[in-house]
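Dear colleague,

I am handing over the structure we spoke about, and below it I have set out what was found. Please read the notes with the coordinates open beside them.

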Amino acid sequence: MKKEMICIECPKGCRMEVYYGDGKTVEVNGNMCPRGREYAASEIEDPRRILTSSVLCEGLDLRMLPVRTDKPIPKQALLQAMERIRKIRVKEPVRAGDVIAQDFFGANLIATRSATRENV
Ligand code: SF4
């Protein structure tokens, strides 16, 4: 089978033709460097994405805390990951970069903003 793909590893954005079968990459054309082949192979064999979302806060100055995974997680786990995110409640102040959930589909879920206690 053949798939057209644009490499997103650098701004050149090489257009590639990727030939694959049985979930394995067979041939890649159009990449100007080896990173393109690696990108194509990961997209065919083990596609991953950084997940960005937000979690509910209780008693903090933010109602929703923006979060993201600190590395890409398997694309096929994204729905399951969103279900887990919906159940998370942040009740203690956090700083941007703090880990909100460990072992999160092979990554950590981290805050991308700080949240403090709500002023009452
Ligand atoms: S194949 Fe190499 S040169 Fe082309 S977009 Fe990817 S990283 Fe950049």
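The ligand is surrounded by C7, E9, C10, K12, G13, C14, N31, M32, C33, R35 and G36, where a residue is taken as near a molecule or strand if its C-beta atom, placed from the backbone, lies within 6 Å of it. Sorted by class, this shell holds five nonpolar, three polar and three charged residues; Ala, Val, Leu, Ile, Met, Phe, Trp, Tyr, Cys and Pro count as nonpolar, Asp, Glu, Lys and Arg as charged, and the others, Gly among them, as polar.

Please keep in mind that this is a predicted model, in which local features need pLDDT of at least 70 and side-chain atom pairs count only at pLDDT 80 or more, while totals for chains, interfaces and linings use all residues. Residues are numbered from 1 along each chain as its sequence is written.

C10 counts as exposed, with 12 C-beta neighbours inside 10 Å, on a scale where a residue is buried if 20 or more other C-beta atoms lie within 10 Å of its own, exposed if 12 or fewer, and partly exposed in between, the C-beta atoms being placed from the backbone. Between C10 and L79, which are 69 residues apart in sequence, the distance in space is 28 Å, C-alpha to C-alpha.

The chain is divided into domain 1 (2-46) and domain 2 (52-111), with bounds that come from an automatic or database domain assignment. The centres of the two domains, taken over C-alpha atoms, are separated by 30 Å.

Helix α1 (residues 34-45) has 12 residues and should span 16 Å at 1.5 Å a residue, which agrees with the 16 Å between its end C-alpha atoms; the expected span is 1.5 Å times one less than the number of residues. The buried residues of α1 are G36, Y39, A40 and I44. They cover an arc of only 130° around the axis, which puts them on the same side of α1, the arc being that of the directions from the helix axis to the C-beta atoms. An α-helix has 3.6 residues a turn, so residues three or four places apart point the same way. The buried residues of α1 pack against β1 (2-6), β2 and β3, with two residues in contact if their C-beta atoms, placed from the backbone, lie within 7 Å. On the other side of α1, P34 and E45 are exposed.

Most residues other than glycine have a negative phi. D22, although not a glycine, has a positive phi of about 50°; D22 lies in the loop between β2 (15-21) and β3 (24-29) and is exposed, with 6 other C-beta atoms within 10 Å. F105, also not a glycine, has a positive phi of about 55° and lies in the loop between β9 (99-104) and β10 (107-111), but F105 counts as buried, with 20 C-beta neighbours inside 10 Å.

Finally, two glycines. G21, in strand β2, is exposed, with 9 C-beta neighbours inside 10 Å, and touches M1 and V26, not counting residues up to four places away in sequence. G59, in the loop between β5 (52-57) and β6 (64-69), is partly exposed, with 13 other C-beta atoms within 10 Å, and touches K91, R117 and E118 when residues up to four places away in sequence are not counted.

Conventions:
Helices (H or I, at least four residues) and strands (E, at least two) are DSSP runs, numbered from the N terminus.
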